[in-house]
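Here is a briefing on one protein chain. Please look over the sequence and the model before reading on.

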Amino acid sequence: MTTATTPLIRSATKRQFLIQLGLELNSDRTSHTYWLLKDEAIRAYEAQLQGRRDLLRPEYANQDPPYAAAHFTAAAFSAVVRSIYASSTSETRPYYNRGRTSQGDNWVISWMLYHVCRYRDGRNIRARSREFHADDDLDDNSGCKMPG
């Protein structure tokens, strides 16, 4: 499973993400894997990005949190992506290896971190009134439901 795959844009749906990784939709194993990947991104976001005004692009320096992924400098976002890869587990590393690009980026980690930021930045009206992880059940048809 270490063969790199074609990068997926950050705004792609969770369904597209899972398909691109070659994961079976509506599978308990896929759901487990997805949640492991997401948990690593959440932990990194909370430890390294959440509320960090010093990591924002200059045009967002005076904006109050929460911040969108695009508000952070490319260097800050990339540093968190590298950190997630470096601290990944034996269960998640093979999926991250599939996301490595020739430019040194990782589209798998970038996609997940982008979505963690997205559901915390207040833009998703449907997810605002729900628990944070409820975003995973919104119109995606992937079968990856939040663990009970």
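Where is arginine 118 found? Arginine 118 sits in helix 5, which covers residues 107–118. This is a predicted model, in which local features need pLDDT of at least 70, side-chain atom pairs count only at pLDDT 80 or more, and totals for chains, interfaces and linings use all residues. Residues are numbered from 1 along each chain as its sequence is written, and side-chain values use heavy atoms, with hydrogens and water left out.

**Overall build**

- The protein chain has 6 helices and 0 strands. Helices (H or I, at least four residues) and strands (E, at least two) are DSSP runs, numbered from the N terminus.
- Read from the N terminus, the order of elements is α-α-α-α-α-α.
- Of the 148 residues in the protein chain, 45% are buried. Buried means under 20% relative accessible area, exposed over 50%, and partly exposed in between, with a 1.4 Å probe and protein chains only.
- Take the contacts between residues at least 6 apart in sequence: 59% of them join residues at least 24 apart. A contact means heavy atoms within 4.5 Å.

**Helix 2 against helix 3**

- Two packed helices are described by the angle between their axes and the distance between the axes.
- Helix 2 (residues 28–49) and helix 3 (residues 74–86) have axes that come within 10 Å and cross at roughly 130°. Axes are lines fitted to C-alpha atoms, for helices over the stretch in contact, and angles run from 0 to 180 degrees between N-to-C directions.
- Helix 2 is therefore oblique to helix 3. Angles under 35 degrees count as roughly parallel, over 145 as roughly antiparallel, 65 to 115 as roughly perpendicular, and the rest as oblique.
- Helix 2 and helix 3 make a right-handed crossing. A crossing is right-handed if the near helix is turned clockwise from the far one by less than a right angle, and left-handed if anticlockwise.
- Helix 2 contributes Glu40, Ala41, Ala44, Gln48 and Leu49 to the contact, and helix 3 contributes Ala79, Val80, Ser83 and Ile84.
- These contact residues split into 6 nonpolar, 2 polar and 1 charged. Ala, Val, Leu, Ile, Met, Phe, Trp, Tyr, Cys and Pro count as nonpolar, Asp, Glu, Lys and Arg as charged, and the others, Gly among them, as polar.

**Helix 2 against helix 5**

- The axes of helix 2 and helix 5 lie 9 Å apart, at an angle of about 65°.
- Their crossing is right-handed.
- On helix 2, the contact uses Tyr34, Leu37, Lys38, Ala41, Ile42, Tyr45 and Leu49; on helix 5, Trp111, Met112, Leu113, Val116 and Cys117.
- The contact holds 11 nonpolar residues, no polar and 1 charged.

**Helix 3 against helix 5**

- The axes of helix 3 and helix 5 come within 10 Å and cross at roughly 115°. Helix 3 is therefore roughly perpendicular to helix 5.
- Helix 3 passes helix 5 in a right-handed crossing.
- Phe77, Val80, Val81, Ile84 and Tyr85 of helix 3 meet Ile109, Ser110, Leu113 and Tyr114 of helix 5.
- Here the count is 8 nonpolar, 1 polar and no charged.

**Two arginines**

- Arginine 118 counts as partly exposed because its relative accessibility is 27%.
- Arginine 120 lies in the loop between helix 5 and helix 6 (125–128). At 18% relative accessibility, arginine 120 counts as buried.
- Arginine 120 and proline 65 are 55 residues apart along the chain, and their C-alpha atoms are separated by 9.2 Å.

**Backbone points**

- Proline 65 and proline 66 are joined by a cis peptide bond, with omega about 5°. Proline 66 belongs to the loop between helix 2 and helix 3.
- Asparagine 26 is not a glycine, yet has a positive phi of about 60°. Asparagine 26 is in the loop between helix 1 (14–20) and helix 2, and is exposed, at 56% relative accessible area.

**Tyrosine 34**

- Is tyrosine 34 buried or exposed? Tyrosine 34, in helix 2, is buried, with a relative accessible area of 2%.
- Tyrosine 34 and lysine 14 are 20 residues apart in sequence, and 9.6 Å apart from C-alpha to C-alpha.
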